[in-house]
Amino acid sequence: LYLSGLLQRGVTDIAMFMNFEYPLSDSDVWDPATSPPTDDVIQEDLNTFFGVPIANRSIETQAADNRSWHYWDNQFFPQEDFVPLIQALQASQDAGLGGVATME
C-alpha cells in the first residue's frame, strides 16, 4: 500500500484495499465510539493512518512496531474520521458484505 505517495501527488479519489491477518471485530463485540482499539479487535495497520494508537500494548511491542513500520510517521487523516470509518466497515461486515466502506 503506497497511500502516502498518492496523497503527496494530490490524488483525491483513492480506492484502498487492505488485507488483514484477522477480521475486524463485529459491532456487537467492539464499539469504537466508546472503547479504544486493542489488538483483540483490530489489526494495527488501519488505525495508524488516523493517528489512533492501539491501547494496552506492551512498550516492547509498540517500540518494535514503530521501528519496523514507522506507524506514527504515517498519520494521513484526522483522528475524528476513524470512528465513522470503523462503524461503516462494521455495518457492512455485519450485513454479510465484507468490510467495505466509502468515505468522502
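Is Leu-6 buried, partly exposed or exposed? In this model, which is a predicted one, Leu-6 has a relative accessible area of 34%, and it therefore counts as partly exposed, since that class lies between the limit of under 20% for buried residues and the limit of over 50% for exposed ones. Leu-6 lies in helix α1, which covers residues 3-8, and together with Leu-7, Val-11, Ile-14 and Met-16 it forms a nonpolar patch on the surface, where these residues have about 320 Å² of accessible area together.

Ile-42 has a relative accessibility of 4%, so it counts as buried, because buried means under 20% relative accessible area. If we leave aside the neighbours within four places in sequence, the residues in contact with Ile-42 are Tyr-22, Leu-24, Trp-30, Pro-37, Ile-54, Phe-82 and Ile-86. One of these, Trp-30, is twelve residues away from Ile-42 in sequence, and the two C-alpha atoms are 9.4 Å apart in space.

These contacts lead us to the interior. In soluble globular proteins, nonpolar side chains tend to be buried together. Here the largest nonpolar core has 14 residues, and those that touch the most other members are Trp-30, Ile-42, Leu-46, Phe-50, Phe-82 and Ile-86. Helix α4, which runs over residues 82-94, gives the largest share of this core, namely four residues.

Among contacts between residues at least 6 apart in sequence, 51% join residues at least 24 apart, and 30% of the 104 residues count as buried. The C-alpha trace spans about 35 × 35 × 25 Å along its principal axes, while the radius of gyration is 14 Å, which agrees with the value near 13 Å that a compact globule of 104 residues would have. Finally, the accessible surface of the protein chain comes to about 7,000 Å², and 52% of that surface belongs to carbon and sulfur atoms.

How values were computed: Residues numbered from 1 in each chain as written. Predicted model: local features only at pLDDT ≥ 70, side-chain atom pairs only at ≥ 80, totals over all residues. Heavy atoms only, no water. Core = buried A, V, L, I, M, F, W, Y, C linked by side-chain atoms within 4.5 Å. Buried < 20%, exposed > 50% of the residue type's maximum accessible area, 1.4 Å probe, protein only. Helix = DSSP H or I, 4+ residues; strand = E, 2+ residues; numbered from the N terminus. Patch = residues over 30% accessible without salt bridge, like charges linked within 9 Å, V, L, I, M, F, W, Y side chains within 5 Å. Areas by Shrake-Rupley, 256 points an atom, 1.4 Å probe, with all protein chains shown as cover. Salt bridge = Lys/Arg side-chain N within 4 Å of Asp/Glu carboxyl O. Contact = heavy atoms within 4.5 Å. Rg over C-alpha atoms; globule rule 2.2 N^0.38 Å.
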